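Here is a short report on one protein chain. Please look over the fold before reading on.

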Amino acid sequence: MAKVQLVPYDAQWPEKFRVLKEQLEEKLAPMKVSIEHIGSTSVPNMMAKPIIDVIVGVEKEEELQYAIDPIRELGYTYVQQYETILPNRRYFVRFKEEGLPDIIRDGDHDFSQDADFHHEAHLHVVVKGSNLWERHLQFRDILRSSEDSLEAYASVKRKLALREWESTNEYAKAKTSVIQGILSR
């Protein structure tokens with residue numbers, strides 16, 4: 001059981017994203033990709049877990065696989081086990097610690113859910129223009145432009161952060177209804 005640690009907005013988060021983006025652009029240069037800062041760290045004045053969320057949009061579905069090795073070379077752990085749930089997304093975690101596995105497969109211990117390990121970044125690779133791509137950008141843009149939506153989401157996050165969670169996935173699932181409500185406004 002773990003608690004989610006939220007911190008006040010940090011004006012350094014956009015710069016941390018910029019550095020990650022430059023690294024990804026260089027490594028993925030043979031492919032035409034779009035890279036965006038998403039999640040709460042991309043929204044000014046939003047409290048967040050201090051983890052930079054990045055979404056990489058590739059042009060075609062087959063490019064999802066081509067992105068895996070170059071991203072792993074940048075020190076990201078490929079979390080393969082979630083592909084059964086979201087087959088059109090490749091998910092990676094960049095840990096601050098050294099020596100963790102570079103691939104987490106089905107049945108492996110999922111270090112990405114351990115509260116003991118500190119995450120630097122979460123990276124989602126999807127097809128640009130897909131539902132996952134559009135939904136993430138739409139939600140970010142709504143929070144950036146609507147004070148009411150920002151406060152509604154922040155309020156739910158504050159309440160949920162007081163609880164103990166089996167994993168950060170449970171915390172994320174608990175936010176789903178408010179996210180869907182904001183997206184449907």
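Predicted model: local features only at pLDDT ≥ 70, side-chain atom pairs only at ≥ 80, totals over all residues.

Residues are numbered from 1 along each chain as its sequence is written, and side-chain values use heavy atoms, without hydrogens and water.

The chain holds seven helices and eight strands (DSSP runs: H or I of at least four residues, E of at least two, numbered from the N terminus). Its C-alpha trace spans about 40 × 35 × 30 Å along the principal axes. Of the 185 residues, 44% are buried (under 20% relative accessible area, 1.4 Å probe, protein chains only).

The largest nonpolar core has 24 residues. Such a core joins buried Ala, Val, Leu, Ile, Met, Phe, Trp, Tyr and Cys residues through side-chain atoms within 4.5 Å. L24, V54, I71, Y76, L123 and V125 touch the most other members.

Apart from it lies another core of twelve residues, including V43, L143, Y153 and V178.

E83 sits in the loop between β4 (77-79) and β5 (89-95). Is E83 buried or exposed? E83 is buried, at 17% relative accessible area. Beyond neighbours within four places in sequence, E83 contacts Y78, R89 and R90 (heavy atoms within 4.5 Å).

How values were computed: Buried < 20%, exposed > 50% of the residue type's maximum accessible area, 1.4 Å probe, protein only.
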